[in-house]
Amino acid sequence: MARVLAGPFFCGALLGFLNLSGLAVEVTVPTEPLSRPLGGTAELSCTYSTSVGDNFALEWSFVQPGKPISTSLPILYFTNGHLYPTGSKAERASLLHNPPTGGVATLKLADLHPSDTGTYLCQVNNPPDFYTSGMGLINLTEGWRHTSYPPSLNPLCSQSGSTSVGGSAALRCSSSEGAPKPVYNWVHLGSFPTPPPGSMVQDEVSGQLILTNLSLTSSGTYRCVASNQMGSASCELTLSVTDSSEGRVAGTLIGVLLGVLLLSVAAFCLIRFQKERKKEPKETYRGSDLREDATAPGIFEQASRRAGYSKGLPERSSPASTMATTKSKLSMVV
């Protein structure tokens with residue numbers, strides 16, 4: 001029985017010793033939600049107790065309403081003696097005491113926006129002090145719910161649909177902030193003919209502009225102005241309408257030009273080939289070549305000699321006629 005009681009007593013004494021010796025991180029934050037006016041500055045109080053050493057680190061993060069803590073987005077870090085703001089709130093976030101090594105880690109958030117509503121996490125890490133979680137949560141509520149404020153500085157402009165001639169396109173404009181809810185007005189910048197009735201319809205509440213039966217004159221820059229009694233803001237986008245028939249004409253023209261070019265090249269090659277054939281020497285026959293109308297070499301020589309004698313040269317007598325003449329002469333002598 002003594003051993004059973006000794007266990008819980010020993011664990012409690014050990015935890016108390018760890019707490020007293022400084023091996024625990026304790027973070028203290030307000031338990032009530034914080035509410036501040038729009039455009040003002042909120043101080044999110046966070047204090048801690050621990051023995052600050054070389055491993056001390058502080059992190060502030062933000063969780064949007066209705067989302068789990070695991071989706072938190074970082075706001076700033078303090079580690080190794082340096083402060084590192086980050087995220088979309090970096091330019092408006094700072095520490096009340098920098099460096100936050102004196103037990104105060106309060107966050108200051110300036111120029112409050114409606115999107116700043118949510119849960120803020122103050123987390124202190126100082127290994128090996130792991131006795132507690134070292135985290136505190138603060139809720140920042142909409143203290144400006146019943147106040148008026150202007151639209152967001154940068155409304156979002158977007159477009160969708162077909163941007164070819166005869167098609168339809170939808171231009172949209174939205175502002176994430178503004179109370180009362182802003183109204184929207186679209187303007188086509190520049191000098192353009194008045195569009196046909198019904199071809200340009202806009203909804204001031206939703207911020208949508210519908211363009212139908214588009215023409216080339218529908219191209220240009222469109223500006224959306226979001227406004228309420230507290231102010232206004234604008235965004236712009238460029239709409240480019242294309243004519244598909246021009247593309248077909250251009251394609252046909254390119255095809256014709258290519259065809260003419262190919263024909264020109266073929267004609268040039270044909271003319272050059274004809275000229276080269278005319279420059280080639282006439283065909284000659286060698287002695288070894290046989291032709292049906294050719295004369296044998298010996299016959300050709302005899303025919304040439306006969307032709308020469310027929311032109312005035314004395315004809316040479318044959319040996320038989322010479323012998324007959326000699327015999328006749330001898331018989332006369334006898």
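How many helices and strands does the secondary structure of the protein come to? The model I am showing is a predicted one, in which local features need pLDDT of at least 70 and side-chain atom pairs count only at pLDDT 80 or more, while totals for chains, interfaces and linings use all residues. Residues are numbered from 1 along each chain as its sequence is written, and side-chain values use heavy atoms, with hydrogens and water left out.

To answer the opening question, the secondary structure comes to four helices and 18 strands, where helices (H or I, at least four residues) and strands (E, at least two) are DSSP runs numbered from the N terminus. The protein has 334 residues, of which 25% count as buried; buried means under 20% relative accessible area, exposed means over 50%, and partly exposed is in between, with a 1.4 Å probe and protein chains only. Its accessible surface comes to about 22,600 Å², and 59% of that belongs to carbon and sulfur atoms; the areas come from the Shrake-Rupley method with a 1.4 Å probe, and for residues only the protein chains shown count as cover. If we take the contacts (heavy atoms within 4.5 Å) with a separation of 6 or more, residues 24 or more positions apart account for 60% of them.

Let me turn to the charged side chains. Side chains of opposite charge can pair when their charged atoms come close. The criterion for a salt bridge is a side-chain nitrogen of Lys or Arg within 4 Å of a carboxyl oxygen of Asp or Glu, and by this rule the count comes to three.

Because Arg92 lies in the loop between β7 and β8 and Asp116 in the loop between β9 and β10, the pair ties together parts that are 24 residues apart in sequence. Is Arg92 itself buried or exposed? Arg92 has a relative accessible area of 16%, so it counts as buried. Leaving aside its neighbours within four places in sequence, Arg92 is in contact with several residues, including Lys108, Leu109, His113 and Asp116.

The salt bridge between Arg223 and Glu236 has its closest N and O atoms 2.7 Å apart. Arg223 lies in strand β17 (residues 220–228) and Glu236 in strand β18 (residues 231–239), so this pair ties together parts that are 13 residues apart in sequence. Arg223 is partly exposed at 31% relative accessible area, and Glu236 is also partly exposed, at 44%.

Next come the aromatic rings. A search of the whole structure finds three aromatic pairs, where rings of Phe, Tyr and Trp (its six-membered ring) pair if their centres lie within 6.5 Å, and planes under 30 degrees apart count as stacked, over 60 as edge-to-face and the rest as tilted. The rings of Phe62 and Tyr120 have their centres 4.9 Å apart and their planes at 50°, so that pair is tilted. Phe62 sits in strand β5 (residues 57–63) and Tyr120 in strand β10 (residues 118–125), 58 residues apart. Phe62 is buried, with a relative accessible area of 4%, and Tyr120 is buried as well, at 0%. Separately, Tyr48, Phe56 and Phe78 form one aromatic cluster.

Finally, the backbone. Most residues other than glycine have a negative phi, and most peptide bonds are trans. Here the peptide bond from Asn98 to Pro99 is cis, with omega near 10°, and Pro99 lies in the loop between β8 and β9. A cis peptide bond also joins Ala179 and Pro180, with omega about 0°, and Pro180 is in the loop between β13 (169–174) and β14 (183–188). Asn80, although not a glycine, has a positive phi of about 55°; Asn80 lies in the loop between β6 (73–79) and β7 and is exposed, with a relative accessible area of 60%. Asn213 has a positive phi near 50°, is placed in the loop between β16 (208–211) and β17, and counts as exposed at 56% relative accessibility.
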